[in-house]
Amino acid sequence: MYSSLEDNNRYKKLEVSNEQKMQISLLIQQIPQLLAADKLSNVYKVSFPKGLPHTLTALKQGGYGSMIRNSGKFAGTASLYPLTMQAVTLSAFSAMSAITGQYFLKKINDELEIVNQKLDDILNFLYGEKRAELIAEIGFVKYAHDNYNTIMMSEDQRGATIHSLQESKKIAIKDIEFYITDFDLTINKNSRDYSDLCNTIEKTMQLKDSIEMSRQLYVVSGLLELYYSQNFAKEYIDYIENDMIAYVNKCDQQLHGGLSKIQGKLAAYKPKPLEKIDSRDSYLNRIITADKPYQQGKDSPIRVAMRETLDKLNQPSELYFDISGNIYSRM
């Protein structure tokens, strides 16, 4: 069986940390014994009431009772719960959930600049007074994406990350609206001469990049929130998807309309006497290239990443693991 898992054409080996390998390997080693004999039937978990010391009462005959003493007096009773195999396997399945989640998020990596480029490179895209705010949020989302596997293993850290991702999503929406307003004003500005028109084109392209980064921030923070929360209820996934599609469509329409308009202005520009416009063809090609993703519809990079990442949540997945704790997914 193990040799077949090494077949790269049939199975994909997933990235697993040493800690997660230990958890999965431990589970595999214990399964035969747990199935052969109910070794956990006499094992209990103790739960202490809030606000009381976590100390059981020592008994004269040996062992401990569930009574809790506080300042020499009985103050309450601890609860005992029988452990089941579910308790033993919980950490292993939590590890597998984190590992597969990171694997399914890979499409974001393949398609979107926000996670596959360095922050210094992204900083060159951004423009205006929102630049510092946006780069800070992009930096956090990259951190949440790159460390998904390990953050998922800490309940407290996961909760804090979900909250921060929700804030990033709100900031992204605010920045989208800000940049779109500035984009429309810039596009509709009347140019005095060719030099002024070129300056308008440069600012338009900077604003286009800022809108693109803002909407990528919105989509990635939303997808990460969904994966971190592990809330895979169909109605919730549908809501997130519809919300994202609405904003992606809005940006596509605004950017395509604006770039088409500035392209028309440039093509129709009539030079003044002695005015050189030998850069016009270069600018026209640049605008046409920039506009292409916003005409591709379902095939645009952001839609591909969004659709495939969400689709993974609705598809059954088969995982295979070996005694060493390695995990494989069928290709």
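1. A residue is called buried under 20% relative accessible area, exposed over 50%, and partly exposed in between. Gln 230 has a relative accessibility of 27% and therefore counts as partly exposed. The model is a predicted one, and in it Gln 230 sits in the loop that joins H10 and H11, where its phi is near 60 degrees, a positive value in a residue other than glycine. Most residues other than glycine have a negative phi.

2. A positive phi, of about 70 degrees, is also found at Leu 274, which is not a glycine. Leu 274 belongs to the loop between H11 and H12, and because its relative accessibility is 89%, Leu 274 counts as exposed.

3. As for the protein overall, the chain holds 13 helices and nine strands, and buried residues make up 40% of its 331 residues. Of the contacts with a separation of 6 or more, 74% are accounted for by residues 24 or more positions apart.

4. Which residues have the most contacts inside the largest nonpolar core? This core has 63 residues, and the ones with the most contacts inside it are Ile 201, Val 219, Val 220, Leu 224, Tyr 228 and Leu 266. The elements that give two or more residues to the core are helices H5 (113-116), H7 (131-146), H8 (148-151), H9 (155-187), H10 (194-229), H11 (234-268), H12 (280-291) and H13 (301-311). The most is given by H10, with 17 residues. In soluble globular proteins, nonpolar side chains tend to be buried together.

5. Tyr 228 deserves a separate look. When its neighbours within four places in sequence are left aside, Tyr 228 is in contact with Ala 144, Asn 147, Tyr 148, Ile 151, Met 152, Arg 158, Thr 161, Ile 162 and Leu 165.

6. The axes of H7 and H10 come within 10 Å and cross at roughly 35 degrees, and the crossing is left-handed. By class, the contact of H7 with H10 has nine nonpolar, four polar and one charged residues.

7. H7 packs against H9 as well, at an angle of about 145 degrees and with the axes 10 Å apart, and this crossing too is left-handed. H7 contributes Arg 131, Glu 133, Leu 134, Glu 137, Phe 140, Val 141, Tyr 143 and Ala 144, while H9 contributes Gln 157, Thr 161, Ser 164, Leu 165, Ser 168, Ile 171, Lys 174, Asp 175 and Tyr 179. The residues of the contact of H7 with H9 divide into eight nonpolar, four polar and five charged.

8. How are H9 and H11 arranged relative to each other? Their axes come within 10 Å and cross at roughly 20 degrees, which makes H9 roughly parallel to H11, since angles under 35 degrees count as roughly parallel. The crossing of H9 and H11 is left-handed. From H9, the contact includes Lys 169, Ile 173, Ile 176, Glu 177 and Ile 180, and from H11 it includes Tyr 247, Lys 250, Cys 251, Gln 254 and Leu 255. The residues of the contact of H9 with H11 divide into 11 nonpolar, two polar and six charged.

9. Gly 257 is found in helix H11 and, at 36% relative accessibility, counts as partly exposed. Gly 257 and Tyr 294 are 37 residues apart along the chain, and their C-alpha atoms are separated by 9.4 Å.

10. The loop between H12 and H13 holds Lys 298, which is exposed, with a relative accessible area of 66%. Not counting residues up to four places away in sequence, Lys 298 touches Arg 303, Val 304 and Arg 307.

Methods:
Residues are numbered from 1 along each chain as its sequence is written. This is a predicted model: local features need pLDDT of at least 70, side-chain atom pairs count only at pLDDT 80 or more; totals for chains, interfaces and linings use all residues. Side-chain values use heavy atoms; hydrogens and water are left out. A nonpolar core is a set of buried Ala, Val, Leu, Ile, Met, Phe, Trp, Tyr and Cys residues joined through side-chain atoms within 4.5 Å. Buried means under 20% relative accessible area, exposed over 50%, partly exposed in between (1.4 Å probe, protein chains only). Helices (H or I, at least four residues) and strands (E, at least two) are DSSP runs, numbered from the N terminus. Contact means heavy atoms within 4.5 Å. Axes are lines fitted to C-alpha atoms, for helices over the stretch in contact, and angles run from 0 to 180 degrees between N-to-C directions. Angles under 35 degrees count as roughly parallel, over 145 as roughly antiparallel, 65 to 115 as roughly perpendicular and the rest as oblique. A crossing is left-handed if the near helix is turned anticlockwise from the far one by less than a right angle, and right-handed if clockwise. Ala, Val, Leu, Ile, Met, Phe, Trp, Tyr, Cys and Pro count as nonpolar, Asp, Glu, Lys and Arg as charged, and the others, Gly among them, as polar.
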